[in-house]
Amino acid sequence: MDQVDTSRIIEMAWEDRTPFEAIQRLYGLNEKAVINLMRAELKTSSFKLWRERVSGRKTKHLKLRSPEVNRGYCPTQYKQR
C-alpha cells in the first residue's frame, strides 16, 4: 500500500459518516486492520483521540447506522468553494 492510499484510509477513518465497510470495499482492510493501521501511522495521542471518537459511533458501521444517513459526509463538513 502506498502513502497516498494510507493517507486516504486515515482520512476515511476520521470521517464520522464513512463506515468501516466502505474502507473494506475500497481497500480490503477490515475494521481490525484499520485500527492496526491507525495505531501504526498516528501518534499515540492522536490514535487515542480517534479510538475514543469512533468507539460506539453508529455511523461507522452500516448495520448500526440509521437509514437516514445516506452519504459519507455531512453537508456542512467541507467548506464550500
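Colleague: How do the axes of α1 and α2 cross?

Modeller: In this predicted model, the axes of α1 and α2 come within 10 Å and cross at roughly 165 degrees (lines fitted to C-alpha atoms over the stretch in contact, with angles from 0 to 180 degrees between N-to-C directions; helices are DSSP H or I runs of at least four residues, numbered from the N terminus). α1 and α2 are therefore roughly antiparallel to each other (over 145 degrees; under 35 is roughly parallel, 65 to 115 roughly perpendicular, the rest oblique).

Colleague: Which residues make that contact?

Modeller: From α1 you have Asp 5, Arg 8, Ile 9, Met 12 and Ala 13. The α2 side gives Ala 22, Ile 23, Leu 26 and Tyr 27. Contact means heavy atoms within 4.5 Å.

Colleague: Which residues of α2 are buried?

Modeller: Phe 20, Ala 22 and Ile 23 (buried is under 20% relative accessible area, exposed over 50%, partly exposed in between, with a 1.4 Å probe and protein chains only). They sit on the same side of α2, because their arc around the axis is only 155 degrees (taken from directions to the C-beta atoms). Their cover includes α1, α3 and α4. After α2 comes Gly 28, with a positive phi near 75 degrees.

Colleague: And α4, which residues are buried there and which are exposed?

Modeller: Phe 47, Trp 50 and Val 54 are buried. Those residues fall within an arc of 65 degrees, so they line one face of α4, and they pack against α1, α2 and α3. Thr 44, Lys 48, Leu 49 and Glu 52 are exposed on the other side. Gly 56 follows α4, with a positive phi near 80 degrees.

Colleague: Switching topic: is Thr 6 buried or exposed?

Modeller: Thr 6, in helix α1, counts as buried because its relative accessibility is 6%. Thr 6 touches Met 1, Leu 37 and Glu 41, again not counting residues up to four places away in sequence.

Colleague: What should I know about the numbering and the cut-offs?

Modeller: Numbering starts from 1 along each chain as its sequence is written, and side-chain values use heavy atoms, without hydrogens and water. Local features need pLDDT of at least 70 and side-chain atom pairs count only at 80 or more, while totals for chains, interfaces and linings use all residues.

Notes. Helices (H or I, at least four residues) and strands (E, at least two) are DSSP runs, numbered from the N terminus.
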